[in-house]
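Dear colleague,

I am handing over the structure below, and my notes on what was found in it follow directly after. Please read them alongside the coordinates.

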Amino acid sequence: MNPKLRILVTGGAGFIGSNLVRMLISQGHTVLNVDCLTYAGNLNSLAEISNDDNYHFSQVDITDEDAVASAINDFQPTTIMHLAAESHVDRSIDGPRQFIETNVIGTMNCLDASLKYWQRLTDVGLKENFRFLHVSTDEVYGSLGSEGLFTETTPYAPHSPYSASKASSDHLARAWHDTYGLPVLVTNCSNNYGPYQFPEKLIPVVILKCLNGQPIPVYGKGENIRDWLYVEDHCQALIDVALRGQVGETYNIGGNNEQTNLELVTTLCQLLDELSPETNPQNDSGSPRTASGRAVGGEGHASLITFVTDRPGHDLRYAIDASKIARELNWKPQENFQSGFRKTVQWYLENESWWQNILSGEYQLERQGLSSDSAASAR
Ligand code: NAD
């Protein structure tokens, strides 16, 4: 039986954070969600638990050092799980500064305020058991060729402003452990998918483009490979590491589920053919669609797939060796790609009001991250 903890989650209104907060509440923990609600933060994602006595929310920007310190000191957490970040590679290409401010300076503020709080703890048990979990990505390791896997000792080689900012934050987290003794753990996870993902990331983009009968943009030739993990599997791994991981260690988390982007998009289109036959474009004699890329051809929803200009600096392949967390903490994913993708498509079909609410705002599924392209062509 796990102890019931007081867990401060940063970024709890985001995609992974909201899934994590729901899981922590369902497991009986008390949670303070610290989130400034950027475009990616959405309290509707927490509607199910917002009235739970064990759930609390505080609108705090982690770049505000004093506000972070007050949130920690007032809540008196046993554990901090740090997820707040700017997380979209394409947006980091258009505007890297916000990524450095949130992911680097914001992380330093969280580490520093946690250290001061931890150093002042007088309860010996609380002090011994306090943990700071820094949640990061496999993108810090750079790109793989066709062979090999990222392990916890793979050297860092980030390529995008996003992954470079996350790499910096990982180094800071380890430095606060090695230099000051703060009980830090770090996780590096592969691409997540599942319910409540903001519709700028590949999987919700594909689903919503299919439902709207619009061209599905696939970067380059769709050959880039990612290792996909269902978000609840990631959340359980984070809880396992925070509760039972070795202080000072890093754990890689992955789904053992490598797919090229084109395979992934084709699978999603086939699921939509089955689960949403009414949006199959081949049943529709309506007006022709306009695509700025090259149509790939295919049956059903797959006929919407269109190759578009590749992302600048697009890493070819990410794949995780998750044997350490499996061996030490007995964690393994519960979903495989068929079951996880099916659940995800079902969720977007059944929760139209959640994503319609987002698409009624500023963002309407348009492509981002092309500013370095235009800069290059202007030179
Ligand atoms: P997300 O963009 O969906 O959510 C980020 C959350 O952080 C939002 O709620 C946002 O409001 C909040 N936030 C942003 N800036 C903030 C600030 N200055 N102060 C307070 N809150 C702020 O991101 P996500 O996909 O849920 O990712 C969560 C974490 O997991 C990130 O650290 C990311 O690097 C990491 N990660 C993500 C993936 C993935 O596939 N999505 C994979 C591995 C690791």
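On the face of α2 turned away from its buried side sit the exposed residues Asp66 and Asp74, where exposed means over 50% relative accessible area, buried under 20% and partly exposed in between, with a 1.4 Å probe and protein chains only. Please note that this is a predicted model, in which local features need pLDDT of at least 70 and side-chain atom pairs count only at pLDDT 80 or more, while totals for chains, interfaces and linings use all residues. Residues are numbered from 1 along each chain as its sequence is written, and side-chain values use heavy atoms, with hydrogens and water left out.

Helix α2 spans residues 65-75, and its residues Val68, Ala71, Ile72 and Phe75 are buried. Seen down the axis of α2, these buried residues fall within an arc of 90 degrees, so they line one face of the helix; the arc is that of the directions from the helix axis to the C-beta atoms. They pack against β1 (6-10), β2, β3, β4 (79-82) and α4 (96-120), with helices (H or I, at least four residues) and strands (E, at least two) taken as DSSP runs numbered from the N terminus.

At the start of α2, a side-chain oxygen of Asp64 comes to within 3.2 Å of the backbone nitrogen of Asp66, and just after the helix Gln76 has a positive phi of about 55 degrees.

Elsewhere, Glu48 belongs to the loop between β2 (30-34) and β3 (55-58), and Glu48 counts as exposed because its relative accessibility is 63%. Apart from its neighbours within four places in sequence, Glu48 is in contact (heavy atoms within 4.5 Å) with Arg22 and Tyr196.

Best regards

Technical notes
Polar contact = N/O pair within 3.5 Å; in protein donor to acceptor, adjacent residues only side chain to side chain.
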